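Hello,

Here is the structure I said I would pass on. My notes on it follow below.

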Amino acid sequence: MSFDLASRLAARRAEHLYRQRPLLETPQGPEVVVDGERLLAFSSNDYLGLANHPEVIAAMQQGAARWGVGGGASHLVIGHSTPHHALEEALAEFTGRPRALLFSTGYMANLAAVTALVGQGDTVLEDRLNHASLLDAGLLSGARFSRYLHNDAASLAKRLDKAVGNTLVVTDGVFSMDGDLAGLPALCAEARKRDAWVMVDDAHGFGPLGASGGGIVEHFGLGSDEVQVLVGTLGKAFGTAGAFVAGSEELIETLIQFARPYIYTTSQPPAVACATLKSLELLRSEGWRREHLSRLVARFRDGAARIGLTLMDSPTPIQPVLVGSSERALRLSALLRARGILVGAIRPPTVPAGSARLRITFTAAHTDAQLERLLEALADCWARLPEECDDA
């Protein structure tokens, strides 16, 4: 007997679910070269346009010159360098929490936090639309695992009534495929009634949301009494790489002692921490980036409504256009690409069957003229889609 991988791959192709990696041949930015084509891209999570910022690049170059290019070991052996420590202190101050802990990826941060906090005899409750890393963390923890209806505090309350042991409520801050916000005030209120902790992965909220870019917790005016475990990634609005967990002294020490993804992983290159310190400085000081981004989103939503596109309830840079079938979403993406615009088609299992979409994302580096070009192309391609797609 052998693994029949060929038939699995063939089935994925037949279902219009086969994924391919576009080859980016330029730095991140609104205008890129992908697979040899020059395209206007609306696909990046570089929300504040910092991934190719000259000051961030310079900080990384200087960091590499001083600290080298490798972490060398795990943080607990000899991999915890001065830039790592400085970044943790800056992130703690930024989030208004006693401490922060640096991770190499957001997936690792989520796995670490959940599995270190709950296990057999405990309960973890998650939003149905949570990111895969959060769902995987819940399943791997060994705790009783249940998913409540999306953003539904009443559904959460019913599951809290059946919870046993230590209970952790886990939600995305901004849902990455829909762009909508977690209803944190209501979710936190239900959790507090039952002495449960709340963990928020605000990967897509830090930067775009909050008066100072502090994310969804700042947006709703919540603190560590309501959200005990706050996770953020650095590869999106921060424009670099890695992730962090922010919280109490006891939380961070618990992760250092018990979180296997932290203990058994080499630290990120110190130069990346140097770059992130600079991007954090720009995120906080250049408020015009958030303001410009908000104007782009508002203009897009107005223009898309005039075209007749079906949008989701998103106030964020993530603006999904619902299309329906995977085949139709791929077709619309291809039509846009033929006009020089890159927008990815998101299909099951990333989103539910029948809800394939184009996931349009904006960055502070996009111009008003580029937005107008997108709207013009969408209007033309949407009008042509029914004639050129069998299932339209």
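Two strands count as paired here if DSSP finds at least two bridges between them. The model is a predicted one, and on that definition 3 of its strands form an open sheet in the order β1-β2-β11, with mixed pairing. β1 and β11 are the edge strands, each with a single partner, so one side of each has no neighbour in the sheet.

The two pairings are as follows. β1 (residues 31-34) and β2 (residues 37-41) run antiparallel and are joined by 4 bridges; within this pair, Val-33 stands opposite Arg-38. The two strands make a hairpin with 2 residues between them, and Asp-35 in the turn has a positive phi of about 50°. On the other pairing, β2 runs parallel to β11 (residues 341-342), with 2 bridges joining them. Ala-41 has Leu-342 of β11 as its bridge partner. As a general point, strands of a sheet pair through backbone hydrogen bonds, either parallel or antiparallel.

Lys-236 lies in the loop between β8 (229-233) and β9 (243-247). Is Lys-236 buried or exposed? Its relative accessible area is 18%, and the cut-off for buried is under 20%, so Lys-236 is classed as buried. Leaving aside neighbours within four places in sequence, Lys-236 is in contact with Asn-45, Asp-46, Tyr-47, Ala-203 and His-204.

Regards

Technical notes: Residues numbered from 1 in each chain as written. Predicted model: local features only at pLDDT ≥ 70, side-chain atom pairs only at ≥ 80, totals over all residues. Heavy atoms only, no water. Buried < 20%, exposed > 50% of the residue type's maximum accessible area, 1.4 Å probe, protein only. Contact = heavy atoms within 4.5 Å.
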